[in-house]
Amino acid sequence: MDCRIFTDPSNGATYHDLLQSAELAEEFGYAGFFLSDHYLPFVGDGQPGPTDVWTTLAGLARETSRIRLGSLVTSVTFRHPGPLAIVVAQVDAMSQGRIEFGFGAGYFEPEHRAYGIPFPPVRERFDRLAEALELITGLWKSPTGQRYSFNGKCYQLLDSPAPPKPWQSPGPPIILGGTGKKRTPALAARFADEFNLQTSRRRAPDDQLGSELKYEDVADQMHLVRTAAEAIGRDPAEIVFSMSALIGIGRTRDQASAAVDPENFHSQTFDGTTFSGSPARIVDQLGPYAELGISRVYVRAPTNLAALAGNFEHLAADVLPQLARM
């Protein structure tokens, strides 16, 4: 099980905050630094404002050297997939092949209203997601010198020269997720290198990417994805399964509780799984998820990682080596 940092800049961040956090994550030995893609805070006033995920990743690509970088996840409603394919490919080249592409249907309607972005019904958003995945990967895989066209219900491309190509071939790893029983597993089977499971004690009622699953439902969702992969002749072992969690670490209960400090998270909420306790207890709590086949965890962090640097340094030093053996 490898471990990455995940933060939500929409609740208030500057590029300097995120750069400092990415540098600390790299210094501490985390495998990746990932950002949400939102333009409006979920709670609070969001000051000093959101950052654009791909503008930020472009900067981080040039100012870090080892750590994997990516979106968790980019909304298909925010950007036309043709230009988005160019942006992601270029940032991948800027990072020399360290970008991963989390992609989803979008779900937070208020941010669409706030910035004049159309917010179609969920069925249409999934139609757009399916077509966008097909044409983005098609652009990346199209041989140099050949033209690429796409004629879908939502998007049409005519004779695109399809440059530039990503550094990674055939493209950056694609991360999908969600709780849907049909379309979500089918999309994952076709396109996903990784499937992210947002685990929680509650079950979300809708079929949206990013909604939460109870622990007992995680195995069912993984089974659906694996079955869908087998149905199209793909080896399910090619798909990495991951989860997100808020982790507070300490040698005493009080230390662990203090490490899970919402004041340092810019008032952001987190409905997913929370673990706290000693290093050994954290490993024990993650064990059942590893047994299910989850091999990656995204640890929720404040946008300014330095605010809780001790917690994340402690986690890296005392827990990550044990997770690597799981």
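1. The second largest pocket holds about 210 Å³ of space in this predicted model. A pocket here is an open set of points on a 1 Å grid over the protein atoms alone, where a 1.4 Å probe fits, with protein on both sides within 12 Å along at least five of seven lines. The volume is the space filled by probe spheres set on the points.

2. The lining of this pocket has 13 residues, and Lys141, Pro170, Ile174, Phe191 and Asp193 lie nearest the centre; a lining residue has an atom within 4 Å of a point. By class there are seven nonpolar, two polar and four charged residues (nonpolar: Ala, Val, Leu, Ile, Met, Phe, Trp, Tyr, Cys and Pro; charged: Asp, Glu, Lys and Arg; polar: the others, Gly among them).

3. Helices H5 (122–141) and H6 (183–191) each supply at least two lining residues, and H5 gives the most, with three. Helices (H or I, at least four residues) and strands (E, at least two) are DSSP runs, numbered from the N terminus.

4. Gly29 follows H1 and has a positive phi, near 105 degrees.

5. Mean pLDDT (the predictor's confidence in each residue, from 0 to 100) is 90 for the chain, with 93% of residues at 70 or more.

6. Local features need pLDDT of at least 70, and side-chain atom pairs count only at 80 or more, while totals for chains, interfaces and linings use all residues. Residues are numbered from 1 along each chain as its sequence is written, and side-chain values use heavy atoms, leaving out hydrogens and water.
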